[in-house]
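Hi,

Here is the structure I said I would pass on. Have a look at it first, and then read on for my notes.

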Amino acid sequence: MTKAKNVRHHVVIGSGVAGSQAAETLRDREPDARVTILTLSSLLFYNRYDLPKVFRGHRDWREFLAYPADYYRDRRIDVRRCSRVAGVDGSRRTITLEHKEEIRFDTLLVASGGRGYIPEELAEFRPLMHPFASYTEAVTAANVVPDRGHVIMLGGDMIGLDLARTLVDTRHRVTLVAGPQTFWPHEVAEDERPGLIAALENMGVEVVEAADAGGIASIEQGAKGLSARRVLFKDGTELYGDAVMPFFGLSPSVEFMLGSGTDIERGLLVNPALRTTGEGIYAAGDVCQIWSDADKRYRFFYGWKNVRAMGDLAARNITGGDDPWVPVQDEKLHIDDQGKLQSPFWEYE
Amino acid sequence: MGDIKPPSNAPGTPAAEQREYLSDDPRDIGWVKQNVPCQTACPAGTNVPVYIREIIERQFGRSYETNREANVLPGILGRICSRPCESQCRHGWPGNGEPVAICHLKRVAADLKDAGHRITERLYSPTGKRVAIVGAGPAGVAAAHDLSLLGHDVVIFEREERAGGMLRYGIPEFRLPRDTLDIELHNALRLGVQMRTGAEIGNGEGQIPMAKLEQDFDAVLLATGCMAASPLPLQGDWEKRELRGLEGVEYGLDFLVQMHRGVKKVVGKRVAVVGAGFTALDCARVAARLGAQEVTIHIRTAEEYIPVTQEEIFEAKREGVRIKGLRTPVGLTAEGNRLTGIEFVQNRLGGWRAGGRRQAIPIEGSEFIEPCDTIIIAIGQQTVNDFLGTRLELDRWGNVRVGEDGMTSHKGIFAAGDYVNGASTVIQAVGHGRQVAKRIDAWLMGRERRKQVVRIVPVEQPLRERAFDFIPRQHMPTAPLDERMKDGAHEVELGLDDKLAFEEAKRCYLCNLRYQIDVDRCIFCRACIEVAPRNCIKLVRGVEVNDDGAYGKLLETKEWNQVGAIWIDNNECIRCGQCFKACPVQCISISRCELTEVEV
């Protein structure tokens with residue numbers, strides 16, 4: 001009984017790459033601890049890099065799971081699905097779920113990731129867009145785009161361009177409305193951009209520069225018998241397609257951390273050991289901005305390998321370590337010898 | 001105060017037998033201040049629950065008048081208020097959801113009242129006293145209105161061509177339409193206030209010396225606001241350099257004032273705004289309307305900590321404005337006399353400054369440059385005192401120092417608004433203007449003529465339903481982007497219509513309703529506790545009494561043999577009325593408690 005009293009409760013918010021890796025490491029390093037994952041998702045951990053497969057006919061959710069349910073049971077990792085965190089009180093070390101349940105924690109790892117960002121000027125058209133950030137959204141999008149249908153892709157971050165490769169491969173037509181977020185999170189120099197756009201075109205993606213058309217004026221639903229969507233530009237030109245899919249990069253999911261006592265700029269601010277300014281609270285993955293001594297600024301690190309390494313590092317530091325973050329992923333976008341775009345962010349296991 | 005006696009409205013007395021009464025008991029005044037957080041947070045003391053209740057009853061004109069009792073400019077504040085009330089709203093407390101859209105509802109009262117609506121004013125007979133007010137901004141106008149009601153002859157001296165101060169010259173039309181401004185200023189000043197525009201106080205040619213005002217008037221109120229832009233503190237070679245002559249450098253306040261005087265303003269393609277308040281946001285949005293292709297607001301801390309509303313931030317972003325945080329400007333870059341960029345240093349967040357703002361701590365060696373061709377500096381405003389010709393004591397920030405009675409170090413000269421408090425908000429200026437007007441009146445008349453009491457009105461039954469607690473906050477409809485960006489005058493927020501207003505108004509908890517249990521009649525059946533949606537009904541040993549006489553901390557107990565009473569914790573109570581409906585012996589009473597003023 002004495003031992004049970006000393007058992008620590010590690011709570012992880014988020015069941016993506018960072019959260020799942022962290023839970024695994026926490027269990028390995030502290031076999032007696034309670035480990036709980038809180039996730040908004042109704043599914044256990046699946047890899048979002050697999051989601052383009054829905055356009056190849058894979059729609060069964062079981063095909064996407066990284067591990068079977070037994071994996072969590074055997075490792076005594078309690079995964080609470082469909083759990084929306086309403087708030088975190090850092091001083092009381094308490095998480096409040098949307099249905100008012102309170103969960104006490106000894107340490108908290110926030111690995112809630114990011115949601116697809118939609119620029120505020122396009123926010124009013126959100127209901128007419130098909131995002132692609134979760135399994136449910138991916139299946140919905142795949143259901144509305146017919147065979148050889150036409151997808152209008154806005155923004156064109158690397159998640160979207162990964163999907164574009166699959167869409168072209170599966171004989172869909174893809175028109176990219178390019179803008180400042182194209183190639184996100186790669187930082188592309190102005191003189192590199194034309195070559196990269198040409199590489200995209202070489203891959204079969206049609207490209208329209210939004211700025212050349214004065215920007216997007218509106219997105220509209222097509223009348224019966226016409227294409228499902230129309231994108232109207234400010235210069236009066238227009239595009240018709242079966243779906244409009246936004247890919248403008250990610251926006252960290254941190255709303256529930258407001259008022260928690262942790263510092264936030266765009267993401268949760270963490271030191272190189274991934275500690276937030278809240279006692280016992282860590283962050284990993286797309287949700288955190290890590291202080292970089294080299295760059296002298298807080299910055300995000302993206303990519304599957306980086307995110308997994310962050311989850312692992314945070315768990316090690318939660319359980320007594322004090323190691324600094326070192327990126328593990330190359331971030332260079334390049335064109336291969338076939339003239340096609342290649343990104344390290346597209347590589348995953 | 002022997003003339004204010006409560007009737008025998010003991011809790012449990014049938015509502016039909018209870019009577020409305022006025023109370024100056026500090027426990028009642030303290031109760032309102034503790035339990036109606038929105039009203040307490042409002043610098044003007046606006047009676048929020050009452051005006052929202054009147055909107056539910058679709059009495060828009062009455063709601064407007066309720067507003068006007070505290071704040072003479074409801075249609076204006078309903079558009080541009082900084083909303084200190086909403087951050088305190090009980091509906092926004094953890095677990096209760098989002099705060100009520102109090103500000104939008106204020107605008108509803110102004111917009112939806114009948115055309116030809118009758119304004120109510122409580123006029124006093126003429127006193128023969130004359131008061132000069134310098135400055136026709138919100139503090140000056142609010143003070144002029146109240147002083148004229150109190151029977152004094154008021155003359156406002158305003159250096160600009162039109163009245164309104166920062167309202168007219170500092171706030172863009174897309175946030176505050178000028179017809180709304182004109183109507184409310186006119187209504188505020190129509191009771192005989194003389195407005196002398198283009199009248200500058202000072203000792204120069206064509207100016208009116210302060211000494212002349214002191215000679216001609218019984219009292220002078222200085223309400224000239226903060227009309228000088230604060231300089232940008234830079235480092236190195238830029239530390240002592242005058243920036244005004246550099247091409248591409250604008251000061252935010254000057255930029256807006258000149259534009260509203262009719263000067264055609266031009267900005268570059270890439271505009272950087274430095275600052276974190278409403279002025280910075282306004283400058284950025286104006287720059288976007290003037291054709292800038294890229295507008296970025298650079299802030300020292302982070303979006304979460306800047307003193308503007310989330311709705312304003314969202315609308316600015318919709319218009320293409322970007323916000324970048326954790327940076328402090330330390331220098332500029334220029335080619336010849338033309339600005340080419342800003343040198344920043346990266347910050348980290350520090351502790352909290354006095355006043356609730358977050359500190360930013362620069363990180364050594366982290367300097368970087370952001371290119372731009374226009375910088376708009378909007379980091380604050382300062383007072384200007386050189387017009388006085390009379391030496392007044394100033395505080396360490398250069399603001400004029402006033403005593404408890406609102407008087408400066410010079411007898412008969414009072415000061416109000418930003419001129420005293422430094423750059424603040426319109427509602428703070430209005431509230432302070434009214435406070436000082438009351439003190440001027442007391443000084444002129446030799447006594448206070450009005451005092452604060454609580455009007456306590458029995459209420460027969462709960463005025464809310466539990467279902468109202470689940471209504472989401474109603475969003476403000478806004479003009480489409482292509483329409484609003486056509487010119488600088490197209491109002492962005494369109495106002496809630498009758499239907500949206502009704503839904504939003506129902507969300508208000510009506511915190512001015514006081515639920516009480518008559519312990520003598522309570523049978524301790526726990527029925528009220530069983531139905532309570534929150535931990536709002538408590539078993540207590542007793543209740544502490546605060547220094548001001550108001551009830552304080554509840555001394556809770558779980559031991560039945562120690563229970564002195566079942567007590568409704570009005571702090572937790574969301575006025576759902578479930579306990580009232582469940583009580584089998586009707587020992588719970590409801591009364592509406594509202595602060596008001598009566599003649600002494």
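Among contacts in chain A between residues at least 6 apart in sequence, what percentage join residues at least 24 apart? The figure is 64%. Before going further, please keep in mind that this is a predicted model. The predictor gives the complex an ipTM of 0.83, along with a pTM of 0.88. For chain B, the mean pLDDT comes to 92, with 97% of the residues at 70 or more.

Back to chain A, then. You'll find 7 helices and 22 strands in chain A. If you line chain A up along its principal axes, the C-alpha atoms fill a box of roughly 70 × 45 × 35 Å. As for burial, 42% of the 349 residues in chain A count as buried.

One stretch of chain A to zoom in on is the run of strands 12, 13 and 14. Strand 12 (residues 216-221) of chain A runs antiparallel to strand 13 (residues 229-233) of chain A, and 5 bridges join them. In that pairing, look for Gln221(A), which sits opposite Arg229(A) of strand 13. Strand 13 of chain A is also joined to strand 14 (residues 238-241) of chain A, again antiparallel, by 4 bridges. There, Val231(A) stands opposite Leu239(A) of strand 14. Strands 13 and 14 of chain A make a hairpin with 4 residues between them. In its turn you'll see Gly236(A), with a positive phi of about 95 degrees.

Now for chain B. Which residue ranges make up its two domains in the domain assignment? Domain 1 of chain B is given as 130-227 + 383-448, and domain 2 of chain B as 229-379. The contact between these domains takes 5 residues from domain 1 of chain B and 9 residues from domain 2 of chain B. On the domain 1 side, those residues divide into 3 nonpolar, 1 polar and 1 charged. The C-alpha centres of domain 1 and domain 2 of chain B lie 30 Å apart.

Finally, how many residues of each chain are in contact with the other? It's 14 residues of chain A with 17 residues of chain B. By class, the chain A side of that contact has 7 charged, 6 nonpolar and 1 polar residues.

That's everything from my side. Enjoy looking around!

Notes:
Residues numbered from 1 in each chain as written. Chains lettered and ligands numbered in written order. Predicted model: local features only at pLDDT ≥ 70, side-chain atom pairs only at ≥ 80, totals over all residues. Contact = placed C-beta atoms within 7 Å. Nonpolar A, V, L, I, M, F, W, Y, C, P; charged D, E, K, R; others polar. pLDDT = per-residue confidence, 0-100. Helix = DSSP H or I, 4+ residues; strand = E, 2+ residues; numbered from the N terminus. Buried ≥ 20, exposed ≤ 12 C-beta atoms within 10 Å, placed from the backbone. Pairing = 2+ DSSP bridges. Domains from an automatic or database assignment.
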